[in-house]
Each structure stands twice: as C-alpha cells, then as structure tokens.
Amino acid sequence: MKEIRVGIIGGGMISHRHMTIYSNIQRHAAELGFTAKVVAIAEIDEAKLKAWAERYGFDAKDCYTDFREMLKRDDLDTIDVCVHNNLHAPVSIAVMKAGFDCYCEKPVASNYADAKMMMDCAEKLGRKFHVQISSLMTPQSRVARDMIARGDLGDLYYVNLHFFSQRRRPGYDLPQFTTDFYTKKVAGHGPSIDLGIYLISQILFITGVPELDRVSGFATRGLEYNPAFITDPEGFGVEDFGTAMAKYKNGMTFNLLAASAGHYKDYGMTYVLGSKGGLEITGTDTTGGPFAAAANADAATLFGGHPELKFYGDVNGRLLEYDVNCWENGNYEQRTDPAKWLLYNDNQCMWLAYKLGILDDTTRYNTPNVALNMLKLTDGMFLSSELGREVTADEIVAMSKSMAITEQDIPGGTIHYDLSF
C-alpha cells in the first residue's frame with residue numbers, strides 16, 4: 001500500500017484539524033488503497049512548535065522554525081500549507097519551486113491576483129495544486145450540481161446567499177482564534193473570504209462555475225470596536241460587512257451578503273432559482289468535512305446540522321416541494337462504493353488521490369479554479385465599493401493587486417519571499 005509522506009507548514013489551529021483528517025485517512029486505508037503520514041512540521045513560533053511536537057510525538061529533528069530547511073528533505077512526498085491568508089501565495093510558491101506538489105488551506109489567497117499567481121506557478125512548473133474547500137465535498141453539493149446540470153431547475157436566473165452574524169469576528173469576538181484573522185496585512189479581508197470561501201465557492205461549483213460579467217458592491221467595517229481588545233500591533237484592519245450584486249454571462253444574478261458583525265440576528269439564507277424549480281441549501285459545511293471530526297463523532301454536531309437540500313418546483317404541472325435527503329442518500333452511496341465515496345467527500349482524500357494519479361484533472365474537483373472565480377467576485381465587491389460604481393470582470397482582473405507578504409521575521413533572521421517562478 002502506498003504511504004504518502006507529508007510535511008506541514010504552520011502549526012496553528014487548522015493544522016490540528018488536518019492531523020485529525022490524516023488520522024481518519026489511516027483508519028480507512030484499506031478502502032482507499034493508500035494512506036498518509038505526517039513526518040515533519042514547520043512553525044515559526046518556537047513555543048507553539050514545541051507544544052505541537054509534544055502533542056503528536058515528533059522528534060526535534062523533524063521540527064523546523066524555517067520551513068525552507070524542511071523543504072531540503074528528500075523523504076517528503078508532498079507539502080500541506082496551513083499558514084494564514086496572505087502567506088498562502090509566497091509559501092505555496094516556495095513549496096512548488098522547491099519541487100513539491102502543494103495542498104493549501106482555504107482561502108487560496110485573499111485576492112484574485114495572488115490566486116492567479118499560484119495557479120500560474122503550478123502550471124508553469126508542472127506541479128499539482130489543490131485547495132481545501134470542504135463545502136464541495138458533500139452529497140449536498142454533488143446532488144445540487146447534478147440536478148442543475150440535468151436541467152431540473154431549468155434556466156438559472158437568481159441566487160441568494162446571506163450569512164450574517166451579530167458577533168463573529170475571529171480574534172476579536174472569538175479570542176480563541178489568532179489576531180491574524182483581523183489584520184489587513186495577514187488576513188487581507190474579513191467574512192467574505194473567511195466563511196465566504198465555503199459558501200460562495202459552493203454556489204459557483206453547483207452552478208458550473210459560470211463566467212462573471214460585472215459586480216456592484218459595498219464593503220465596510222460598520223461596527224465600532226473596543227481598542228482595549230485589539231492586541232495586535234497591526235490593528236483591526238478588515239471589513240465586517242460586505243454585499244454585492246453580481247451578474248454572470250449565463251444570465252444568473254448572484255445576491256451576496258456577508259457579515260461577521262452587525263446589529264441584527266444571526267441568520268443564513270441560501271437558495272437558487274430557476275425557470276422550473278428552486279433549491280434551498282441548508283447546513284453547508286464550513287468546518288472541514290466528516291473526517292475533520294474525531295473517529296465516530298456525529299458529523300451533524302460538527303456541521304450544526306447535516307448539509308441538506310429542499311426542492312421547490314413544477315413537476316408535471318404540479319407545484320411540489322420535497323426534501324432531497326442528501327445525507328441519507330450519501331450514506332447509501334458510501335455503502336455501495338466506499339472508496340469512491342471517500343475520494344469525493346473529503347478534501348485531503350481527494351488531494352492524495354490526485355497526487356497519486358488515482359484522480360486526474362478531469363475527475364478531481366478543480367478547487368483552485370473554483371477559488372479563483374470566487375475571489376473574482378469578492379475582489380469585484382471591494383473594487384466597486386472603492387470606486388463607487390459597477391465594475392466589469394475585465395476591470396477586476398486588471399486592477400486586482402497582490403497582497404502577498406514578501407518578508408517574514410523568523411527566529412534567527414528574516415525570510416525574503418521571491419514570488420517569481
């Protein structure tokens with residue numbers, strides 16, 4: 001059985017979720033036909049690195065404060081990038097330039113320009129590249145995509161996606177998260193690319209990744225904050241509210257509202273309308289998928305409810321509404337073809353299968369392309385807000401500017417990132 005040896009860059013909160021998934025992959029190695037083992041970790045915070053090594057039983061020789069030293073090893077098969085948003089591009093590019101295929105945590109970047117740079121690097125250097133977007137890896141998304149492609153909804157004309165929280169600013173309202181989530185330098189942006197990567201990407205995936213035409217948007221930091229709660233010297237620099245109306249060349253209009261703080265109740269509302277039917281989308285996964293839960297844990301607890309669909313439409317002249325029962329049918333799929341189910345219901349399973357050639361560019365989900373098109377929409381929202389007018393897709397592409405971090409202090413020196421390839 002093939003064992004893929006993995007090196008992780010970044011020992012923060014998300015790396016522990018990835019470690020849980022690798023553990024679950026090992027448990028299902030017989031069905032998958034392969035397994036994965038994390039053999040090295042790089043983390044610039046020495047205290048965090050030591051705690052990480054103790055938690056997982058790593059020897060000092062396999063722990064690095066400078067990831068570039070880890071990349072010199074000849075016993076690694078792939079690299080898992082678990083750093084923060086504006087480090088994704090420089091670190092992933094360094095990984096690919098060092099000769100490795102690369103798996104990157106979400107969001108692929110905080111803006112279109114950096115995401116495009118990463119994809120261009122992978123293409124030019126012939127590296128395989130994949131992005132964590134767990135919301136695509138559910139029966140919910142797969143069934144919705146198939147229903148839309150089959151024409152069950154007819155011609156799509158409208159999508160509504162609202163996700164609103166009274167107080168959910170990571171690092172501020174949620175102190176268990178690092179303050180890197182609210183600094184402009186590291187995070188880049190707020191909720192539209194944090195939880196938004198899951199929700200917006202899901203919509204684009206199920207609708208066939210349509211081509212964007214134009215965007216009218218508005219974004220702001222609407223709520224006051226207590227300076228005493230701001231512990232990062234960079235300050236609070238990201239927006240907490242954004243809204244956009246996007247037009248796509250297939251005739252679809254996409255109404256987006258993303259808020260991590262505001263004087264209103266917590267709510268989410270996602271639906272897709274077509275000429276023959278509509279779909280209500282509930283419980284979209286924003287937590288990493290079933291494998292991100294400890295063995296035997298209830299995935300509904302992880303998700304806050306199973307990801308499901310409800311159909312409304314005209315069937316043979318009769319108005320009907322019914323639950324699609326994605327989760328129940330997904331369990332049946334798992335029993336029918338467990339290996340295939342695992343490959344299409346977990347990001348890291350899909351990534352490893354793609355790395356090994358079990359899946360190829362025609363059979364894996366092209367997560368980098370979905371993420372790139374998601375960022376074209378959010379960049380359009382920010383650009384439209386800045387200019388005070390509607391912007392075209394061509395303008396968004398032309399005016400998107402890199403936010404990648406080019407220098408980073410580490411113990412014993414500074415990393416100067418070279419973004420050329």
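Where does P107 lie? P107 is placed in the loop between strand 5 (101-104) and helix 6 (112-125). The model is predicted, so local features need pLDDT of at least 70, side-chain atom pairs count only at pLDDT 80 or more, and totals for chains, interfaces and linings use all residues. Residues are numbered from 1 along each chain as its sequence is written, and side-chain values use heavy atoms, with hydrogens and water left out.

**View 1. The peptide bond between K106 and P107 is cis.** Its omega is about -20°. Helices (H or I, at least four residues) and strands (E, at least two) are DSSP runs, numbered from the N terminus.

**View 2. V209 has a positive phi, near 50°, and is not a glycine.** The loop that holds V209 runs between helix 8 (196-206) and strand 8 (212-220). V209 counts as partly exposed because its relative accessibility is 23%; buried means under 20% relative accessible area, exposed over 50%, and partly exposed in between (1.4 Å probe, protein chains only).

**View 3. V315, L320 and Y322 form a nonpolar patch on the surface.** Together these residues have about 220 Å² of accessible area, a value from the Shrake-Rupley method with a 1.4 Å probe, in which only the protein chains shown count as cover for residues. Y322 belongs to strand 14 (residues 318-323). With 36% relative accessibility, Y322 is classed as partly exposed.

**View 4. N325 is not a glycine, yet its phi is positive, about 60°.** N325 sits in the loop between strand 14 and helix 10 (326-336).

Terms used:
Patches are made of residues with over 30% relative accessible area and no salt bridge: like charges are joined within 9 Å, nonpolar side chains (Val, Leu, Ile, Met, Phe, Trp, Tyr) within 5 Å. A salt bridge is a side-chain nitrogen of Lys or Arg within 4 Å of a carboxyl oxygen of Asp or Glu.
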